[in-house]
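Have the model open in your viewer and try each task before reading its solution.

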Amino acid sequence: MDAPVLPMPAPLCLVTNKDGVLALNPAALAVLQEVAQPMVVVAITGPYRTGKSFLMNRLAQKRTGFPLGPTVYAETKGIWMWCLPHPRQPRVTLVLLDTEGLGDPSKNDNHSDAWIFTLALLLSSTLVYNSVGTIDQRALEQLRLVTELSEHIRVREKDDNPAFNFVGIFPGFIWTVRDFMLQLRAGEKTLSEDEYLEDVMRLQTGGGQKAQERNELRRCLRNFFPRRKLFTMEQPPADANLTRLEELREDELQPGFRKQVDAFCRYIWEEAPVKVLPGGHQVTGSALAYLMEKYVAAISSGSVPCVESAVKALARAENTAAVQAAVAEYQRGMEQGLVLPTASYDALLAVHQDCEQRAITLFLSRAFANHEHQYHDELVHKLEAAKEEFCQRNKEASEQRCRTVLQELWRDMELRLQRGDYVARGGAQLFKDDLNRVLEEYKQRHDKGVRVSEVWGSGVWWHRVRWNCASWLYGQAEAVLKEFLREHEGLAQVLKATEVQLELAERQQEAAAAEAEVARKAAEAWKEEQKRSMEEYECQLQQRMKEEQRTWLEEQQRVLEHHRKVSAAMVL
């Protein structure tokens, strides 16, 4: 589950605008990068001193936050950000972006308005345009930036018709008109707010350059923003109280204004979508911060931000991080789920399969589309290497445990060796009896580590063990025992006895045959395990690719259908 959004008591300046130079605030970026949840990003733009910040504070369900300011000078500079838990959707973050007002006469440059507006478009999933009065030609002219977007945004790296693809990346568009005093009527017909918006965006008849320019703006709005909605709002209080709007109690606001603002907020909370990138990938805080850095860097360098380039770079970074996170998840699960040495290979395999499944699920939930399978293959190799490492650690832990058990069981025989009991008459038989007793006790100990089965008969014993998840190593416990015996020089005298030599030779022959059989079965078992793991992974990968392909086709179909409808409406 995604971690909850950290408390953010007040907005932070995300993008500064000093003398027309845009820069990112590292402190705000750091806050954004910590948000691991999907985001509904709402940006508001519009002419300065039109009450944008008041609406954003209402969306935050706060009386204060974004500065309002009582004077004629613009209060908000750059872009301010506020990350909050979404009031309607659990495990989703609501990100509010309040932008500086357009058309501020105190600005010394002609470009910052365009770039601030461009950033608001590229970063948001819903764009709110706030104006005052009515939607007349003057209000539309204030949106002239829309017709210039092809000069400020490139959708694809190689794109002969950038405006055609805007509809696939642009946010939903909401127009809020403040201090609206007109009646929504056309003759005798009462209009809804959305009908009024569509009416004023209808193409005008007549020729001439002026009419063409007016219609070009309307075409852009209709082409770029298929999801459009209008909210009209009457004046909040009497004119005398405008300078202290944030101080007013609810009962001091006009009832109609409160109702209209509440309707606007409900619509945002209930209908504004999570921001997604081309391909359907949901945007989290780290992704949004990464895109913002790319876009601001492009603007600062004098180039045009390219969505495709930024998303490709983001995909590389996110896929690399997804591989690292998936491997870390696997290693964390194995560390927590294993107590080394495990009693059997099957016990280790069960934990491995569970951790592998969780790692793959985590990777697929974070990864971008990667049709070359580069990152999928990288994950498979790294999980395999991690599994090998745990198997090796398990083997070493088992060897150490076997040595410890032998040390405990060998003490009595060590004392007899020191006393010379085994070199006296009948010592060979005594050695065999003591050795069989040690072996029997060694067999009964169940804490020696990984083993599959034990074969006993005619005084011969061994353990069949699988190691390294690639082969079964025969007789790990016996191998430790043999090495243990070799390490005790005093026993060399005893092993010269013919009886002991013959018995050990017999054991070695039977052990070699058993080892070959166990190795054969081990290879078969490993192939089956690898086949199962790859088939399961390929199944998940194919399903993910089908979903991505379906999403891409749906996006293209929506773009084509939208342009078809717009073209048909133009003809009418």
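**Exercise 1. Classify Cys220 and Cys83 as buried or exposed, then count the disulfides.**

Cys220 has 7% relative accessibility and counts as buried, where buried means under 20% relative accessible area, exposed over 50% and partly exposed in between (1.4 Å probe, protein chains only). Cys83 is buried too, at 1%. Next, apply the rule that a disulfide is a pair of cysteine sulfur atoms within 2.5 Å: the count is zero.

Before going on, note that this is a predicted model, in which local features need pLDDT of at least 70, side-chain atom pairs count only at pLDDT 80 or more, and totals for chains, interfaces and linings use all residues. Residues are numbered from 1 along each chain as its sequence is written, and side-chain values use heavy atoms, leaving out hydrogens and water.

**Exercise 2. Find which residues touch the most other members of the largest nonpolar core.**

Start with the definition: a nonpolar core is a set of buried Ala, Val, Leu, Ile, Met, Phe, Trp, Tyr and Cys residues joined through side-chain atoms within 4.5 Å. The largest one holds 100 residues, and Leu96, Val146, Trp175 and Phe264 touch the most other members. A separate core has 21 residues, including Val323 and Ile360.

**Exercise 3. Work out how strands E1 and E4 run relative to each other.**

E1 (residues 12-18) and E4 (residues 79-85) are antiparallel, joined by three bridges.

Note on methods:
Two strands pair if DSSP finds at least two bridges between them. Helices (H or I, at least four residues) and strands (E, at least two) are DSSP runs, numbered from the N terminus.
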